[in-house]
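Below are some notes on the model, written as numbered points. Please read them with the structure open.

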Amino acid sequence: MLDSFSTNATVAKARAIYGKRLTREDYKELLHRSSVTEVAEYLKRNTHYKNVLSAIDTNNIHRGFLENLLKRDNFDLYVRLCKFQQLDKIPFYNYIVVKQEIEEIVSCVLHLNAKASDEYIETLPSFLISHASFDLLALAKCRDFSEMLKVLKKTPYYAILKDMTPDENGTYDCTMIEAKLYTNYLKWFKDVTDKSFSGKTASDLDYLTKTQVDLMNLISGFRLKAFSNADAATIEQYMLPFYGRISRNNEHEIFEATDPDDYIKRLQKTYYGRQMQMFDESLDKSMLENYTHALRAKYAKIALRASSSAPVSLYTIVFLFDIEVENLINILEGIRYKAPLQFIEKLLII
């Protein structure tokens with residue numbers, strides 16, 4: 001067990017870095033920018049992103065390139081914190097790489113389904129190439145599912161995906177693939193956490209993870225109910241089999257809702273539903289996904305402030321900066337589609 005190892009400096013460093021996050025005033029300024037160039041220039045001159053943007057000509061920056069730079073900056077933060085006290089030697093700290101590998105496999109399948117595999121390489125995070133357990137560039141060159149399996153042959157992902165079959169249109173069930181991959185990831189995460197830590201560190205990580213999974217399941221269930229009117233049995237096939245404040249039976253009761261409105265009514269009676277009503281008493285179903293992310297951020301902030309554990313601090317700060325990057329992507333998307341400022345502002349989680 002490694003949680004007794006003195007890592008107070010990592011905790012302090014994580015909190016100091018979080019203190020440099022974007023402020024409400026920063027977001028207010030960014031919301032009034034009208035181009036990618038203006039957003040990039042503000043970030044370069046006024047925020048902690050100045051280092052990653054220092055050598056970039058913001059006059060010619062492309063939206064996709066800027067988004068990739070922001071994601072790379074967050075990944076670099078994770079790498080720096082891991083190396084700070086040689087935490088990268090502990091297996092647990094590989095969790096971000098494993099999670100991002102799953103995201104890339106899912107993205108690859110999405111592009112294959114859309115017959116747009118040529119476009120996948122444009123979205124490939126170059127910063128992950130040297131860290132991944134398989135050849136990401138080879139993954140980007142795949143033109144069908146069988147080629148993807150060959151790339152993943154020597155990884156745990158192969159056994160999970162090898163028996164997946166397409167529908168009559170040749171399309172693979174990407175939601176099911178994602179659920180299977182994340183179920184395996186969460187089992188691995190639990191196992192490596194228990195082997196690496198004990199006591200409060202292990203229990204805090206378990207609580208944080210199960211809370212995140214509860215909320216992920218609730219929003220996934222709502223999507224299936226809203227977009228395909230799926231019944232409870234169908235929804236449960238796609239759920240991650242881990243439970244925190246909501247038991248399996250409680251989830252089942254929500255998934256048995258007759259329609260999206262009934263789903264919201266049932267959700268309002270739960271702990272999470274009552275928490276979400278602090279953002280909006282009526283719990284507007286069009287904003288449910290945003291409320292879910294806001295609640296996940298709230299719990300992460302509480303854990304970051306309260307914990308004296310390096311793994312908990314790293315887990316939460318990386319998650320919170322992921323949300324910051326998503327905020328910036330929402331602003332950039334809003335500029336791209338000329339969305340009303342009030343609409344973009346509602347999407348931000350601060």
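Which backbone oxygen lies 3.0 Å from a polar atom of the side chain of N217? The backbone oxygen of L240 does. Point 2 takes this up after a word on the source.

1. Source and conventions. This is a predicted model, in which local features need pLDDT of at least 70, side-chain atom pairs count only at pLDDT 80 or more, and totals for chains, interfaces and linings use all residues. Residues are numbered from 1 along each chain as its sequence is written, and side-chain values use heavy atoms, with hydrogens and water left out.

2. N217. This residue lies in helix α12, residues 199-228. Helices here are DSSP runs (H or I, at least four residues), numbered from the N terminus. N217 counts as buried because its relative accessibility is 2%; buried means under 20% relative accessible area, exposed over 50%, and partly exposed in between (1.4 Å probe, protein chains only). Leaving aside neighbours within four places in sequence, N217 is in contact with M239, L240, F242, E251, F255 and Y263, where contact means heavy atoms within 4.5 Å.

3. Helix α11. The helix covers residues 174-196. With 23 residues, α11 reaches 32 Å from its first C-alpha to its last, close to the 33 Å expected at 1.5 Å a residue; the expected span is 1.5 Å times one less than the number of residues. D173 caps the N-terminal end of α11, with a side-chain oxygen 3.3 Å from the backbone nitrogen of T175. M176, also found in α11, counts as buried at 15% relative accessibility. Apart from neighbours within four places in sequence, M176 is in contact with M164, Q237 and Y238.

4. The side chains of K195 and D191 meet in a salt bridge (3.2 Å, N to O). The term means a side-chain nitrogen of Lys or Arg within 4 Å of a carboxyl oxygen of Asp or Glu, and by this rule the count comes to 17 salt bridges. K195 and D191 are separated by about one helical turn because they are four residues apart in helix α11. K195 is exposed at 60% relative accessibility, whereas D191 is partly exposed at 38%.

5. A salt bridge between distant parts of the chain. D261 and K285 pair through their side chains at 2.9 Å, N to O. The pair links distant parts of the chain, with D261 in helix α15 and K285 in the loop between α16 and α17, 24 residues apart. Both count as partly exposed: D261 has 43% relative accessibility and K285 has 39%.

6. R336 and E333 meet at 3.8 Å, N to O. Why are R336 and E333 separated by about one helical turn? Because they are three residues apart in helix α18. Salt bridges that share partners join R63, E67, E333 and R336 into one network. R336 is partly exposed at 45% relative accessibility, and E333 is partly exposed at 22%.

7. Helix α17. This helix (residues 288-306) has 19 residues and reaches 27 Å from first C-alpha to last, close to the 27 Å expected at 1.5 Å a residue. Its buried residues include L288, N290, Y291, T292 and A294. The buried residues of α17 pack against α1 (8-18), α12, α15 (260-268), α16 (271-276), α18 (310-336) and α19 (341-347). One of them, N290, is 114 residues from M176 in sequence and 23 Å from M176 in space, C-alpha to C-alpha.

8. Backbone angles to check. N229 has a positive phi of about 50° although it is not a glycine; its place is in the loop between α12 and α13 (232-237). L283, likewise not a glycine, has a positive phi of about 55°. L283 lies in the loop between α16 and α17 and is buried at 2% relative accessibility.

Definitions and conventions: Helix = DSSP H or I, 4+ residues; strand = E, 2+ residues; numbered from the N terminus. Polar contact = N/O pair within 3.5 Å; in protein donor to acceptor, adjacent residues only side chain to side chain.
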